[in-house]
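Here is a short briefing on one structure. Look it over, then read the points below.

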Amino acid sequence: MTKKNRVRAIASVSAVAMLALSGCGSSSNNESASNVIDYWLWDPAQQVAYEKCAADFNEKNPDLQVKITQYGWNDYWQLLTAGFIADTGPDAFTNHVSQYPQFVDLDVIEPLDDYQPTAAVDTNEFQDGLTQLWTGQDGKMYGMPKDWDTIAAFYNPEMIKEAGFTDEQLDNWNWNPQDGGSFEDIIAHLTIDENGVRGDEPGFDKNNVKVYGLGINDPGGGTFGQGQWAAFAASNGWQSAYQLSWGDRYQFDDPKLQETIDWYFGLVDKGYMPAFGQFNSSDGVVNQLLNKNVAVAFDGSWMNATYAAGDMKLGTASYPTGPNGTAPSMINGLGDSIAANSDNKEGAAKWVAYMASSDCQTKIAEEGVVFPSRKDATEVAAKSFEDMGIQVDAFQEPVEANQTFQFPITHNGPDVRALLTPAFEDIYANRVPASTLTETNDAINVIFETSAENQ
């Protein structure tokens with residue numbers, strides 16, 4: 001892609017971002033002192049820990065100074081895109097696997113292999129699979145793994161006990177797309193209507209529910225159902241793309257997925273899961289659980305500290321075992337990237353390498369916010385979470401049992417999301433059949449067939 005076309009492509013991604021940036025007061029790299037490393041992230045909880053790493057880094061590298069800026073998730077990507085256009089962005093930043101393929105295509109992030117500090121990092125120290133997530137088709141790494149996450153169920157132990165269930169039953173639940181297995185039995189019985197009738201009892205009023213057995217986060221599950229239906233579909237034999245790393249065809253037309261989706265959102269029809277608009281989606285499923293509106297909620301390990309901050313002591317459980325005999329979880333991990341328009345790439349590389357060091361990642365682990373990417377920091381983080389009152393076995397078990405599957409990494413990510421998000425929201429909100437995903441999948445695959453990357 002030529003530089004002219006690259007700039008045009010970036011501009012087309014987010015023309016609005018330039019307007020947003022004009023009023024945000026962000027300092028330009030060109031105006032910054034050459035020893036300043038501007039680093040951006042979106043998670044305020046992680047900022048506290050990384051400020052500690054930055055203080056140590058600054059002390060060890062007196063000729064460099066890390067400046068950390070935090071933006072909320074939605075503003076973050078708009079401002080970052082604008083920064084690529086106007087040279088007003090960071091030197092290094094927290095990246096997401098759903099975003100970086102586009103950044104690679106547009107040549108706006110640097111291969112970490114090209115810089116001595118980042119090239120020298122021993123990637124064998126990371127959890128298995130994390131390096132692969134950030135490896136481009138050219139074999140070079142575009143993000144330094146910074147953490148990892150899996151999904152598990154948080155639940156209200158009092159509600160479980162009152163319903164007559166034990167923790168062991170949740171540890172051994174199962175599901176299938178025909179009748180939902182023991183998982184649906186449990187969710188049904190945990191559901192209670194306004195008259196105190198449970199979901200599996202005669203006279204249950206599904207239109208007036210007081211407590212739902214299962215909460216729901218992110219309308220439709222997002223593009224790939226990470227915190228919702230993805231693990232159910234995976235344990236039913238589905239894979240989102242023919243090849244999860246740099247595949248060129250998606251498989252949302254797979255009957256295994258579609259029967260899973262019909263079953264999953266069918267829980268809404270039965271009254272066991274909130275309908276679209278029942279709760280404010282911006283509040284997340286955490287509030288549904290902590291406010292005792294739901295008994296069980298699937299969520300990511302990055303939310304551990306948020307759940308722990310509530311007044312309720314919670315239990316955790318892995319996803320139920322599915323038809324293929326596994327209880328998998330999607331595994332994902334953020335990475336740190338270097339902007340191609342940085343005026344201090346060598347300094348940025350030193351900082352990115354330091355964030356991957358045992359010194360920094362141990363500090364991150366001690367804060368109990370995420371599981372750092374390094375294996376030697378995992379148990380430190382686990383102890384931090386357990387000290388908060390969150391049992392983390394359910395998050396670690398899929399990793400230890402090699403029952404994880406990765407977030408798909410492909411070209412044309414924005415186009416894929418633009419098609420899939422409304423399609424899944426339509427299934428959730430309007431309860432259209434999952435067979436409608438076949439048409440969406442065909443449209444996605446046409447994009448791949450006609451895109452420049454496949455010509």
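A residue counts as buried when its relative accessible area is under 20%, as exposed when that area is over 50%, and as partly exposed in between. Trp-246 has a relative accessible area of 12%, so it is buried. The model is predicted.

**Backbone: positive phi**

- Most residues other than glycine have a negative phi.
- Trp-246 is not a glycine, yet its phi is positive, at about 65°.
- Trp-246 sits in the loop that runs between helix H11 (230-234) and helix H12 (255-269).
- Asn-412 is another non-glycine residue with a positive phi, here about 60°.
- The loop between strand S14 (404-406) and helix H19 (413-430) holds Asn-412.
- Asn-412 has 13% relative accessibility. The cut-off for buried is under 20%, so Asn-412 counts as buried.

**Strands: S9 and its partners**

- Strand S9 covers residues 294-300. Seven of its seven residues are buried, so the rest of the structure largely encloses S9.
- S9 pairs with strand S6 (residues 151-155) in the antiparallel sense, over five bridges.
- Within that pairing, Ala-152 has Asp-299 of S9 as its bridge partner.
- Tyr-155 stands opposite Val-296 in S9.
- S9 also pairs with strand S8 (residues 209-214), in the parallel sense and over two bridges.
- Tyr-212 has Val-294 of S9 as its bridge partner.

**Strands: S6 and its other partner**

- S6 is mostly covered too, with five of its five residues buried.
- S6 and strand S10 (residues 315-317) run antiparallel and are joined by three bridges.
- Phe-154 stands opposite Thr-316 in S10.
- S6 therefore pairs antiparallel with S9 and antiparallel with S10, by the rule that two strands pair if DSSP finds at least two bridges between them.

**Salt bridges across the chain**

- How many salt bridges does a search of the whole structure find? The search finds 13.
- One of them joins the side chains of Asp-336 and Lys-146, at 2.9 Å from N to O.
- That pair links distant parts of the chain, 190 residues apart. Asp-336 is in strand S12 (residues 335-338), and Lys-146 is in the loop between strand S4 (144-145) and strand S5 (147-148).
- Asp-336 has a relative accessible area of 1%, so it is buried.
- Lys-146 has 3% relative accessibility, so it counts as buried.
- Glu-449 and Arg-249 also meet through their side chains in a salt bridge, at 3.1 Å from N to O.
- This pair, too, links distant parts of the chain, 200 residues apart. Glu-449 is in helix H20 (residues 437-450), whereas Arg-249 is in the loop between H11 and H12.
- Arg-249 has a relative accessible area of 30%, so it is partly exposed.

**Salt bridges: a helix pair and a network**

- Lys-383 and Asp-387 form a salt bridge, with their closest N and O atoms 3.0 Å apart.
- Both residues lie in helix H17, four residues apart, which is about one turn of the helix.
- Are Lys-383 and Asp-387 buried or exposed? Both are exposed.

**Surface: a negative patch**

- A patch of negative charge lies on the surface. Its residues are Asp-167, Glu-168, Asp-171, Glu-379, Glu-386, Asp-393, Glu-397 and Glu-400.
- Which helices each supply at least two residues of the patch? They are helix H9 (167-171), helix H17 (375-388) and helix H18 (393-400).
- Glu-379, one of the patch residues, is found in helix H17.
- Glu-379 has 51% relative accessibility, so it counts as exposed.
- Helix H17 thus contributes to the negative patch, and H17 also holds the Lys-383 and Asp-387 pair.

How values were computed: Residues numbered from 1 in each chain as written. Predicted model: local features only at pLDDT ≥ 70, side-chain atom pairs only at ≥ 80, totals over all residues. Heavy atoms only, no water. Patch = residues over 30% accessible without salt bridge, like charges linked within 9 Å, V, L, I, M, F, W, Y side chains within 5 Å. Areas by Shrake-Rupley, 256 points an atom, 1.4 Å probe, with all protein chains shown as cover. Salt bridge = Lys/Arg side-chain N within 4 Å of Asp/Glu carboxyl O. Lys, Arg positive; Asp, Glu negative; His and termini not counted. Charge placed at Lys NZ, Arg CZ, Asp CG, Glu CD. Buried < 20%, exposed > 50% of the residue type's maximum accessible area, 1.4 Å probe, protein only.
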